[in-house]
Amino acid sequence: AEYMMDMQVYLGHPEFLVFVDETGTDRRDSMRRFGYSMQGKPARAQKLLWRGEHVTAISALSLTGILDCYTTRGTVNADKFEEFIEQSLVPVLQPFDGVSPNSV
């Protein structure tokens, strides 16, 4: 309820909002998890025993599009996320004055 009260300021002004999302992938993501086979026969698949390199991306989006994207090898921990916020996201944000887009 408190969150909804705080967000009331931005209703009707979605251009103020900035959304941050993170995703990651490795070689296993291209593997099928389901398959087809002849009736009565089990579906068979070869599986990778090696995961490969893990790559992670963090993006900041607004109504105007992608503000910035950060990619790194491996997973993202708190230090890498903070680095993205400080070095990539904060420089493209506007101060909140009730008029400037990309300010929240």
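Tutor: Leu63 touches Pro14 and Glu15, leaving aside residues up to four places away in sequence; contact here means heavy atoms within 4.5 Å. Leu63 itself sits in the loop between β2 and β3, where helices (H or I, at least four residues) and strands (E, at least two) are DSSP runs, numbered from the N terminus. With a relative accessible area of 62%, Leu63 is exposed; the scale is buried under 20%, exposed over 50% and partly exposed in between, with a 1.4 Å probe and protein chains only. Asn102 is 39 residues from Leu63 in sequence, yet 8.4 Å away in space, C-alpha to C-alpha.

A quick word on ground rules. This is a predicted model, so local features need pLDDT of at least 70 and side-chain atom pairs count only at pLDDT 80 or more, while totals for chains, interfaces and linings use all residues. Residues are numbered from 1 along each chain as its sequence is written, and side-chain values use heavy atoms, with hydrogens and water left out. The chain averages a pLDDT of 82, and 85% of the residues score at least 70; pLDDT is the predictor's confidence in each residue, from 0 to 100. Confidence is highest in β2, at 92, and lowest in helix α1 (residues 2–7), at a mean of 81.

Now for the strands on either side of that loop. β2 (residues 55–62) and β3 pair in the antiparallel sense over 8 bridges; two strands pair if DSSP finds at least two bridges between them. Within that pairing, Ala57 has Thr71 of β3 as its bridge partner. Helix α2 (residues 78–89) packs on the sheet and touches β1, β2 and β3, its direction making about 140° with that of β3. Those axes are lines fitted to C-alpha atoms, for helices over the stretch in contact, and angles run from 0 to 180 degrees between N-to-C directions.

What about aromatic rings? There are 2 aromatic pairs, taking rings of Phe, Tyr and Trp (its six-membered ring) with centres within 6.5 Å; planes under 30 degrees apart are stacked, over 60 edge-to-face, the rest tilted. Phe16 and Phe96 have ring centres 5.5 Å apart and planes at 90°, so they are edge-to-face. Phe16 lies in the loop between α1 and β1 and Phe96 in the segment after α2, so this pair ties together parts 80 residues apart in sequence. Phe16 is buried, at 3% relative accessible area, whereas Phe96 is partly exposed, at 41%. Tyr70 and Phe84 form a tilted pair, 6.0 Å centre to centre with 50° between the planes.
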